[in-house]
Amino acid sequence: MIKRPSSPTSSPVTITVTSGGARRSLGLTSPIQRASLSPLSARNSAGKPSSSSRRRYSISHNDTVEDNDEQPDAEFVSYTVHIPPTPERPPLSVSDSQSSENRATGPGRSIPGSGFISGTIFTGGFNSVTRGHVIDCSMERAKGLVGPGDECGMKGCDEKAIKSPPCECGFKICRECYLDCLSAKDGGRCPGCKELYDKDERENVRGSKEEGNEEEAEDEARPLPSMAEFKMDNKRLSLVKSFKNPPDFDHNRWLFETKGTYGYGNAVWPKDGYGFGGGGNNGFEHPPDFGERCRKPLTRKVPVSAAVLSPYRYVAKDFRLSTFLRVLLEDDFRLLMVIRLAALGLFLTWRIRHPNHEAIWLWGMSVACEIWFAFSWVLDQLPKICPVNRIADLSVLKERYESPNLRNPKGRSDLPGIDVFVSTADPEKEPPLVTANTILSILAVDYPIEKLACYLSDDGGSLLTFEALAETASFARIWVPFCRKHGIEPRCPEAYFGQKKDFLKNKVRLDFVRERRRVKREYDEFKVRINSLSDAIRRRSDAYNAHEELRAKKQQMENGGNPAEPLKVPKATWMSDGSHWPGTWASAEPDHSRGDHAGIIQAMLAPANSEPVYGAEADGENLIDTTEVDIRLPMLVYVSREKRPNYDHNKKAGAMNALVRTSAIMSNGPFILNLDCDHYIYNSLALREGMCFMLDRGGDRICYVQFPQRFEGIDPSDRYANHNTVFFDVSMRALDGLQGPMYVGTGCIFRRIALYGFSPPRATEHHGWFGTRKLKLLLRRNKKPAKKEPEEIILPVHGEQDEDDDLDIESLLLPKRFGNSPSLAASIPVAEYQGRLLQDLQGKGNHGRPAGSLAVPREPLDAATVAEAISVISCFYEDRTEWGKRVGWIYGSVTEDVVTGYRMHNRGWRSVYCVTKRDAFRGTAPINLTDRLHQVLRWATGSVEIFFSKNNALFASRRMKFLQRVAYFNVGLYPFTSLFLMVYCVLPAISLFSGQFIVQSLSITFLILLLIITLTLCMLALLEIKWSGITLHDWWRNEQFWLIGGTSAHPAAVLQGLLKVIAGVDISFTLTSKSATPDDSEDEFADLYVVKWSFLMVPPITIMMVNSIAVAVGTARTLYSPFPQWSKLIGGVFFSFWVLSHLYPFAKGLMGRRGRVPTIVYVWSGLLSIIVSLLWVYISPPSGSQAYMRFEFP
């Protein structure tokens, strides 16, 4: 049993292992308490039901409560962990159990209990016992580990160091080497910090003797010495630098000339230089050299050149009517955006005032469509008026957080932890090999190993995914050290070995070629093992099931039953150790189907030590030489949340929220990176660049850092605009100049406390018509405690109107908000504290954490923690809580990503768009036409749901900027443009059939205004191409697919959205298939030419056929007419060709690889030709026709 002690200061955990009838006690002691800064666990658990109140428990009492007949407190509720013996896992021997005294971690030692935790799969859920089943360990003990000891730090000396280091930097040195340093000519300086040794310490060390043991405080973070300890003499002045500016530096002038901005969105940079005063003695050519590392900015904001953005600048600066009018009156009247706005106004005015009386219906439809298009263009263009670029400085990040200092003498990493989430749902549509490559790229990322944890959410509960992850953890022991040793980029093996460039470029190690060949062979074998897992599981299950049937038959005969009577033996899916898989079976059975299975958690790789662990030389067991490489691996956890019938599991959003709760209990990283299973890390430094924005000055207001999506496997012509560069490089960069980009579902680093629904420490409310009047709010107030205790954290939540922002932590962590798990509630203030900025970066009156506070060793992972994590992924945990409503990923929409980001911006948070020089992440996109249309259909349907929900930007709070609100409003409105677009695409055909046009005559005014509108649109597009870096081809492909999607997927999305809102019809979508890695003999773009019929293709085919027939009919009529009207023909043909040119990629996709048109296209063409011909004869009968040719109702 696992017992939680009542005392908050002790943390022993007792596990009773049941195996073959014997009972043994295995003690696990956690050296670091899993609790928050304030004693919340006892307060939150008192008087509250347990988080697993619906499950069966094995209750155990301590001696102090044995005589008490009342219900025990939630702290004493224990979990029963059953570990059945298997042929491959015999019962534990007594020698395997270890006492708590031997569980302390040290250099070169493995984490206590890591083998037990990483070799045990934990299951549980609704009305079931939490069980721990021991399987083959995926984390074996490392051999030949080398770590730092207690020896002298001088090179070539292996003597024991002095017990109390003579220098405050903590440099270890033996007595002989210390005396040699004192006798040196430099006066006795410390080899570590190069400072003079203290005189008093010299005398103490000279007269002292060596001692065998070192103080344990050497491994802990050191507190900053007080200013009173520093003596004003020449020997101590070098320890503290003066914070005053030199007399020749004018600080006020520097602040004025740099706009006083640095840090988040700064204009100052420590290199490259900026001419502030024109040079010479009258100004400064470079920013001042910051004396303290904390003052150096981690990021900078680089505005787009004013010469490029001159058409945008005035409108973007303030958006006040007076400024707008001033622009019109000054010399900047030629600004393109203003010209186009004026031309649109004049054009629409002229169109309204000059109707076509001969075809008033045609004129009315065209004017309505043109007004809507103008309105839609304004909504799309306004948020683009202030784009920015951002750059991060990784050298400053390393210097500030990973360099030795007084609080962190060993230079351990002070960076906060990151939990990486990878989600998958179906191994058939998302191949395990693709997921495995993503996991390997995460495990090999350049980030402190002990601060990284990876969680894979398998929403299908598939054994194939589980065993593929186990194989991935095994191969990671070879791949990750290889990447670290040789600086491999990218660190996804499939992408690295598939590169066609010279892999020897910039490689200087002589053993690189030999080791690369070995790793490549191992990876090929790894792929074969992954690909063969499906057949291996099937054959294994068939063998076990046959054995079970024979045994059932034998038992039936022994019981005297009728042998002819059929037996129903469940067709189970079996694990490799001969036990039932607790997840989904191949043949669905109760408790083992896709929507009905228990929750599963297994730590494939246990948490790493805080000290580096080095490998051994290459031999028969080790493929590569890792004597100089840290071979530790980040924690890797498999999670499959519980699913039961009659529960709404909320698809991907529910799976992500389950990961949030699980990670909060197991690792509790203050930042979260979420990736799709097909998006791997292409740049190993991407996480560090994202953290630069989170940890820079002002970064505590940033809720997430969004990276652009980049795709591989796209056809060179990008037929269906899969790269989507206009959105990711134009729209998203423009939003970065406002309140921040939208969340697009993957490649995003979140602040955990923002996902919990809390408000930022500071926010700005925008009042007035266009938000010109600003009111700054301080949402987290300092409350000075009466006693010197750890400070209480005040985290207000911006919710309904009746909520107060001055609530304290006790009222915010109620079970109805986060659930009944005390461990989850206790982890929230810890995550908030670890995500704070350093105290030196915080402004006056704000919270901050001291430097070095995160450099302490991490607590080990025990079975009690994993058992608690099982309870928070149960299907009923979110009942009567605010998960999905205010906390975590938001439910109720197909596009939960956009809604989640909108809620954060609505609370006053900001976001940042991080475009790295080398792509941060790369993934795959559907290149098949049908798959692409269904993907766009899902996005557009989510936008319609947003428009008809409370997440519509019209109801946004005052903490959201006006232009940001316009951008979100356009997200919900753009699918409705398709209704007007379809009408406008049919108008040219109607004009050619009827012989009329949208205007009565092509006057010079109409042509000039139309020319101005077209030219300004093209010039604005060229400007966007110039500052964003995209190509003209990308822009044109985006325009083409805008019309293809607007005539196919978007109208269907509007229809489905209306059905859901009006009739309550639920919308279900199939998972987008992820393309597997093609073989060498296969065509990489074979899927591009596959034609899959879909109902979404009917409207574009209809529009193409109608316009093609109309061009032929209109041309024939004009040629054979005695009074030809060439102007109307030219106008109709011009707009028809405009429609057909946009639909050209769609038509090309219908023809397949060899240009063969599908039969359905001929059928539709013939049917439409007949219908159009009959309608034309009825509307405009030929002259001299008889009465019998007219259709009349009887």
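**Terms and basis of the model**

Two strands are taken to pair if DSSP finds at least two bridges between them, where strands (E, at least two residues) and helices (H or I, at least four) are DSSP runs numbered from the N terminus. The structure is a predicted model, in which local features need a pLDDT of at least 70 and side-chain atom pairs count only at pLDDT 80 or more, while totals for chains, interfaces and linings use all residues. Residues are numbered from 1 along each chain as its sequence is written, and side-chain values use heavy atoms, with hydrogens and water left out.

**Confidence**

The protein chain averages a pLDDT (the predictor's confidence in each residue, from 0 to 100) of 74, and 69% of the residues score at least 70. Confidence is lowest in strand β2 (residues 22–29), with a mean of 33, and highest in strand β17 (residues 748–751), at 96. Over residues 1–113 the pLDDT is below 50, although this stretch has 221 contacts in the model beyond near neighbours in sequence, a contact being heavy atoms within 4.5 Å.

Strand β3 (residues 120–124) runs antiparallel to β4 and is joined to β4 by four bridges, with Thr-120 having Val-134 of β4 as its bridge partner.
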